[in-house]
Amino acid sequence: MNNVYLAAPFFDDAQQARIEQVKAALIANPTINSDGIFQPQEHQFEDEPFGSRAWQQYVYASDMRQVHRADLVVALLDFDMTSDNNEPDSGTMFEIGAAVAEKTPVLVVQFDADKQLNLMIAQGLTAYFDASKDGLQELATYNCDDLKSKPAKRPVF
């Protein structure tokens, strides 16, 4: 059973809803440890004021520790589905980079099929899932014990 670091922006209700959809697919996947899905938003350091130096240090250290402990990182690229802006969440991109540097497999989920994929993400990922089609069902059945390459079949920039 694989432990997952679920990297995603979690700043509004729409982002939270996408996270819950992806988490449901992961829980349905028999190769994922459903009790081993780490969601950073559930592990904020509430003993210190939000944004303080101590809070920042704790959250950074905790998230990086969990990225390094994970068997794989599942990353949601969609940040703002209401604009034409194609830039994903910078924290999520940092977590993808940390995982790639550790040679931890990265599974990418994208809900907005109209947006291009950055070439660095396209080349660094292990598997790509288009949630605007049947990607969440594919994620629920993807064999994370035998990670086969599933490249993104979309334009990159």
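Student: In this predicted model, how close do the axes of helix 2 and helix 3 come, and at what angle do they cross?

Tutor: The two axes approach within 9 Å, and the crossing angle is roughly 45°.

Student: Which residues make the contact between helix 2 and helix 3?

Tutor: Helix 2 contributes Tyr 60, Asp 63, Met 64, Val 67 and His 68, while helix 3 contributes Phe 94, Glu 95, Ala 98 and Ala 99.

Student: Which residues of helix 2 are called buried, and what do they pack against?

Tutor: Buried means under 20% relative accessible area. Trp 55, Val 59, Ser 62, Asp 63, Met 64, Gln 66 and Val 67 of helix 2 are buried. The buried residues of this helix pack against strand 1, strand 2, strand 3 and helix 3.

Student: What makes strand 2 and strand 5 the edge strands of the sheet?

Tutor: The open sheet has five strands in the order 2-1-3-4-5, with parallel pairing. Strand 2 and strand 5 each pair on one side only.

Student: How do you know that strand 1 and strand 2 pair?

Tutor: Pairing requires at least two bridges, and these strands have three, in the parallel sense.

Notes. Residues are numbered from 1 along each chain as its sequence is written. This is a predicted model: local features need pLDDT of at least 70, side-chain atom pairs count only at pLDDT 80 or more; totals for chains, interfaces and linings use all residues. Side-chain values use heavy atoms; hydrogens and water are left out. Buried means under 20% relative accessible area, exposed over 50%, partly exposed in between (1.4 Å probe, protein chains only). Helices (H or I, at least four residues) and strands (E, at least two) are DSSP runs, numbered from the N terminus. Contact means heavy atoms within 4.5 Å. Axes are lines fitted to C-alpha atoms, for helices over the stretch in contact, and angles run from 0 to 180 degrees between N-to-C directions.
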